[in-house]
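Good morning, and thank you for coming. I would like to take you through a structure that is new to this group, beginning with the whole chain and then turning to its details.

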Amino acid sequence: MEELPVVVVLLLLFSLLLVPLVLLDRRRRGRRTPPFSLLVVAGSGGHTTEILRLLSCLSESYSPRHYVLADSDKMSEAKIRSFEQKRAETFSESQFSLDRIPRSREVRQSWTSSVLTTLYSILYSLPLTYKRKPDLSDLQVFSTEEWGALPEQRRPGSVLQVLQEAAPCLILCNGPGTCVPVCLSAFLLGLLRIKRTIIVYVESICRVETLSLSGKILYYFSDYFIVQWPDLKKKYPKSVYLGRIV
């Protein structure tokens, strides 16, 4: 019987030690990651499908999301709107915006003329990748419902509007030609010490042994270059191999 009080005392001490640990664990779980503005470059074909699969794995902290696509790309916009509508059902505060830039190179366009159109697209992309101040609370962003309710003429689309509204901290792309001028403009702004942006390039799952043309260019300019096949990691040491991620 004398051992019973000792057991009770030990249980009480254990409980007193356990309660702070439980409270600390709840506090950590309840702590939200600060919002992280994200600029996503979409492309025609399977590029947009892959990038949206990747975005579906990200938490609600990656918001607002600023999508950039070529002015002639109609299919990607429909996919993005469908994705954001579904995401809004899970995350009520989900926010996004859309903007278009001139396509850097058309299919079967000559390499000579491609240089000029790419330079024009880079110049057009500079305002998209420029950030006035990393204060996300001052951004004019739209929920899925708000975007759909806006009249066509009031939706942001001009370069000046994007300059005022989009403030990307990170650029995420996966190989469409549209990502080249966007990433090069971001690299140029960083080189001039105007603005620092992290460029994350994820090579398409379709690229098993060789990089895409966009990948061959941005391999030297991206901060993180991710490949999904081990053979590419052997050929390109700077790349990061994570296995299949989309």
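**Overview of the chain**

The protein chain folds into nine helices and eight strands. Please keep in mind that this is a predicted model. The chain has 246 residues, and 42% of them are buried. Its accessible surface amounts to about 14,500 Å², with 61% of that belonging to carbon and sulfur atoms. If we take the contacts between residues at least 6 apart in sequence, 71% of them join residues at least 24 apart.

**The nonpolar cores**

Which residues of the largest nonpolar core touch the most other members? They are Val41, Ile171, Cys173, Cys179, Val182 and Leu218, out of 23 residues in that core. At least two residues of this core come from each of β1 (38–41), α4 (111–129), β5 (170–173), α7, β6 and β7. Helix α7 provides the largest share, six residues.

Leaving aside residues up to four places away in sequence, Val182 touches Leu39, Val41, Val68, Ile101, Ser125, Thr129 and Ile171. Apart from this core lies another one, made of 20 residues, including Ala42, Leu54, Ile226 and Val246.

Helix α4 deserves a moment as well. It has 19 residues and reaches 26 Å from its first C-alpha to its last, close to the 27 Å expected at 1.5 Å a residue.

**Salt bridges**

I now come to the charged side chains. How many salt bridges does the structure hold? There are three. In one of them, the side chains of Arg65 and Glu84 meet at 2.8 Å, N to O. Because Arg65 lies in strand β2 (residues 65–70) and Glu84 in helix α3 (residues 75–90), this pair ties together parts that are 19 residues apart in sequence. Arg65 and Glu84 are both buried.

Glu77 takes part in a salt bridge with Arg81, where the closest N and O atoms are 2.9 Å apart. Both residues lie in helix α3, four residues apart, which is about one turn of the helix. Glu77 also forms a salt bridge with Arg100, and here the closest N and O atoms are 2.4 Å apart. Since Arg100 lies in strand β3 (residues 95–101) and Glu77 in helix α3, this pair ties together parts that are 23 residues apart in sequence. Through shared partners, Glu77, Arg81 and Arg100 are joined into one network. Glu77 counts as partly exposed because its relative accessibility is 22%, and Arg100 counts as partly exposed at 21%.

**Two loop residues**

Finally, let us consider two loops. Is Leu192 buried or exposed? With a relative accessible area of 53%, Leu192 is exposed, because the cut-off for that class is over 50%. Leu192 sits in the loop between α7 (179–191) and β6 (198–202). Together with Phe187, Leu188, Leu191 and Ile194, Leu192 forms a nonpolar patch on the surface, with about 450 Å² of accessible area together.

Ser222, by contrast, is buried, with a relative accessible area of 6%. Its place is in the loop between α8 (213–218) and β7 (224–227). Not counting residues up to four places away in sequence, Ser222 touches Ile199, Tyr201 and Lys238.

Notes: Residues are numbered from 1 along each chain as its sequence is written. This is a predicted model: local features need pLDDT of at least 70, side-chain atom pairs count only at pLDDT 80 or more; totals for chains, interfaces and linings use all residues. Side-chain values use heavy atoms; hydrogens and water are left out. Patches are made of residues with over 30% relative accessible area and no salt bridge: like charges are joined within 9 Å, nonpolar side chains (Val, Leu, Ile, Met, Phe, Trp, Tyr) within 5 Å. Accessible areas come from the Shrake-Rupley method with a 1.4 Å probe; for residues, only the protein chains shown count as cover. A salt bridge is a side-chain nitrogen of Lys or Arg within 4 Å of a carboxyl oxygen of Asp or Glu. Buried means under 20% relative accessible area, exposed over 50%, partly exposed in between (1.4 Å probe, protein chains only). Contact means heavy atoms within 4.5 Å. A nonpolar core is a set of buried Ala, Val, Leu, Ile, Met, Phe, Trp, Tyr and Cys residues joined through side-chain atoms within 4.5 Å. The expected span of a helix is 1.5 Å times one less than its number of residues.
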